Each structure stands twice: as structure tokens, then as C-alpha cells.
Amino acid sequence: RFQVANKTVLITAMERLAQMSWFGLTERFDESIWLMSATFDLGLERYTPVFNLNIYNQSMSEHAHEVAMHLNDLDMKLYSFAQELFDARLQKMDIANSQRSSGKMHYRCDLKKHC
């Protein structure tokens, strides 16, 4: 019964994500900004980058990794779905090929605003 509820929750989350006009992926920030710009016809040309990256030890034991993957099974499935949907939307907007290959994905900091 618990597994059925989990599957229902996952399906609902996938449906809601698919219905969203736009969403982004943190690790693919540049592409997310371009997808947002194309989706909402914003004509964005540049943004102010964030330079305060957090550096931390990302290693964990194999056991800890297995436990984390087990406890986050639904999240991982939703994230995998989100990645596939994100890629499909990039292709649909033709951003994946035209914007990236033309070099328009490289942003410059606008010193008149804020860097």
C-alpha cells in the first residue's frame, strides 16, 4: 500500500513538472537561463554571474551512498525525469544546437549593473 502511494506521488510530481512552462537545473544554469528566455520571449543577453561557489568534500562511503540513494529513490526518479524533460525542451526550442554552437551562451558581466 505504501509503494502504491509513493508511485502515485511520483506520477503526480512528474505530471506537475511537465505542466510547468519553465523550470531550470542548477548544474545547467546557463542553459536554464536561455530556456527561460526562449520560453517567455525575454530576449536576455546577459546576466550577472555568481562567484561565491561553495567548495566542500563531496566524498562519502559506499554504504552512505547506498543509504542515501535508497532513501531518495523517488527524488532520483523525479530528477531523472526532469533531466529528460529539460533536454527535450532545449531541443524543441533549438537552443541546444543554435545558441550553444554560435557562442551566445557565454555571458559577460555588466559592470554598470552589478558583478
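I looked up α2 and α4 and found them oblique to each other, since their packing angle is about 55°; oblique is what remains after under 35 degrees (roughly parallel), over 145 (roughly antiparallel) and 65 to 115 (roughly perpendicular). Their axes lie 10 Å apart, with α2 spanning residues 29–39 and α4 residues 73–93. Axes here are lines fitted to C-alpha atoms, for helices over the stretch in contact, and angles run from 0 to 180 degrees between N-to-C directions. I noted the crossing of α2 and α4 as left-handed, that is, the near helix is turned anticlockwise from the far one by less than a right angle.

For the contact (heavy atoms within 4.5 Å), I listed Glu31, Ser32, Leu35, Ala38 and Thr39 on α2, and Phe86, Arg89, Leu90 and Met93 on α4. By class I have five nonpolar, two polar and two charged residues in the contact of α2 with α4. Ala, Val, Leu, Ile, Met, Phe, Trp, Tyr, Cys and Pro count as nonpolar, Asp, Glu, Lys and Arg as charged, and the others, Gly among them, as polar.

Source note: the model is predicted, with local features needing pLDDT of at least 70 and side-chain atom pairs pLDDT 80 or more, while totals for chains, interfaces and linings use all residues. Residues are numbered from 1 along each chain as its sequence is written, and side-chain values use heavy atoms, leaving out hydrogens and water.

Next, the chain as a whole. I read five helices and zero strands; helices are DSSP runs of H or I, at least four residues, strands are E runs, at least two, and both are numbered from the N terminus. Of the 115 residues, 19% count as buried, meaning under 20% relative accessible area with a 1.4 Å probe, protein chains only.

Which residues form the largest nonpolar core? I found eight: Leu17, Phe23, Leu25, Leu35, Ala82, Leu85, Phe86 and Leu90. Four of this core's residues, the largest share, come from α4. Such a core is a set of buried Ala, Val, Leu, Ile, Met, Phe, Trp, Tyr and Cys residues joined through side-chain atoms within 4.5 Å. Leaving aside neighbours within four places in sequence, Leu17 contacts Phe23, Leu78, Phe81, Ala82, Leu85 and Arg89.

Last, I checked Ser37, which sits in α2. Ser37 is buried, at 5% relative accessible area. Not counting residues up to four places away in sequence, Ser37 touches Leu42, Gly43 and Leu44. After α2 I noted Asp41, with a positive phi near 50°.

Terms used. Buried means under 20% relative accessible area, exposed over 50%, partly exposed in between (1.4 Å probe, protein chains only).
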